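Subject: The structure I promised you

Hi,

Here is the structure for you to open up. Have a look around first, then read my notes below.

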Amino acid sequence: MRSLWQWFFPRLFVNDLWEINLEELKGLGIRGLIVDLDNTLVAWNAYDLEERVLQWVEEAKSQGFAICIVSNALKERVTYFSKLLAIPGISKAQKPRRGAFRAALQELGLSQSEVAVIGDQVFTDVLGGNRLGLYTILVRPISRREFVTTRLGRIVERWILRRFNPHD
Ligand SMILES: [Mg+2]
């Protein structure tokens, strides 16, 4: 059973972006970040990006990280934030499928061992990242508002996270 469930376990589970130790990631050889959009950088379906999120992205950039948004959202929405943050973005990603993650690696010009995925969902961000062998970081969702299907996924997510032990 464990071998199946490990596909759903993130390498790291944090409350928010600021809990991610960027220095530590660099120490692991990570130089690029694939970041989810909805409920990771901004509340689901909202357009008001918090100033401190903008600052977080700027800080990561200044530390040398290449960043790319990978989102299942539509192009218009992803382009808006991609321009705002001045980072590339891939829309309609169909996570957990691997295609968009591969495209992001190309965009970043990095290999899979050099990139971490940051996202709020086990079934899209974590599963997709793990399938490609990327370092996966699960963050708590910014808002409780989301698709009904996502909410159903959360029930299973909680079950998985109760069993998550990073030192296992
Ligand atoms: Mg999300």
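First, a term you'll need: a residue is called buried under 20% relative accessible area, exposed over 50%, and partly exposed in between, using a 1.4 Å probe and protein chains only. Keep in mind that this is a predicted model, where local features need pLDDT of at least 70 and side-chain atom pairs count only at pLDDT 80 or more, while totals for chains, interfaces and linings use all residues. Residues are numbered from 1 along each chain as its sequence is written, and side-chain values use heavy atoms, with hydrogens and water left out.

Let's start with the rings. Tyrosine 80 is partly exposed, at a relative accessible area of 38%, and tyrosine 47 is partly exposed with 38%. Searching the whole structure turns up four aromatic pairs. (Rings of Phe, Tyr and Trp, the last by its six-membered ring, pair if their centres lie within 6.5 Å; planes under 30 degrees apart are stacked, over 60 edge-to-face, and the rest tilted.) For tyrosine 47 and tyrosine 80, the ring centres are 5.0 Å apart and the planes are at 80°, so this pair is edge-to-face. Tyrosine 47 is in the loop between β2 (32-35) and α3 (51-62) and tyrosine 80 is in helix α4 (residues 75-85), so the pair ties together parts 33 residues apart in sequence. (Helices, H or I with at least four residues, and strands, E with at least two, are DSSP runs numbered from the N terminus.)

Tyrosine 80 also makes an edge-to-face pair with phenylalanine 81, at 4.9 Å centre to centre and 85° between the planes. Phenylalanine 81 is buried, with a relative accessible area of 0%. Together, Tyr47, Tyr80 and Phe81 make one aromatic cluster.

What sits over the ring of tyrosine 47? The charged end of arginine 77 does, 5.0 Å from the ring's centre. (That wording needs NZ of Lys or CZ of Arg within 6 Å of the ring centre and within 35 degrees of the ring normal.) Likewise, the charged end of arginine 52 sits over the ring of tryptophan 18, 3.9 Å from its centre.

Next, the metal. The magnesium ion has Asp36 (OD), Asp38 (O) and Asp120 (OD) as its protein donors, 2.0 to 2.2 Å away. (Donors are N, O and S atoms within 2.8 Å of the metal, or 3.2 Å for Na, K and Ca; water is not among the atoms, so sites may look incomplete.) Aspartate 38 lies in the loop between β2 and α3 and aspartate 120 in the loop between β5 (115-119) and α6 (122-131), so this pair ties together parts 82 residues apart in sequence. Aspartate 38 is buried at 13% relative accessible area, and aspartate 120 counts as buried at 2%.

Now helix α5 (residues 99-108). Its buried residues are Ala100, Phe101, Ala104, Leu105 and Leu108. Down the axis of α5, they fall within an arc of 150°, so they line one face of the helix. (The arc is that of the directions from the helix axis to the C-beta atoms.) Just after α5, glycine 109 has a positive phi of about 70°.

Last, strand β2. Both of its faces are covered, with Gly32 and Ile34 buried on one side and Leu33 and Val35 buried on the other.

Happy browsing!
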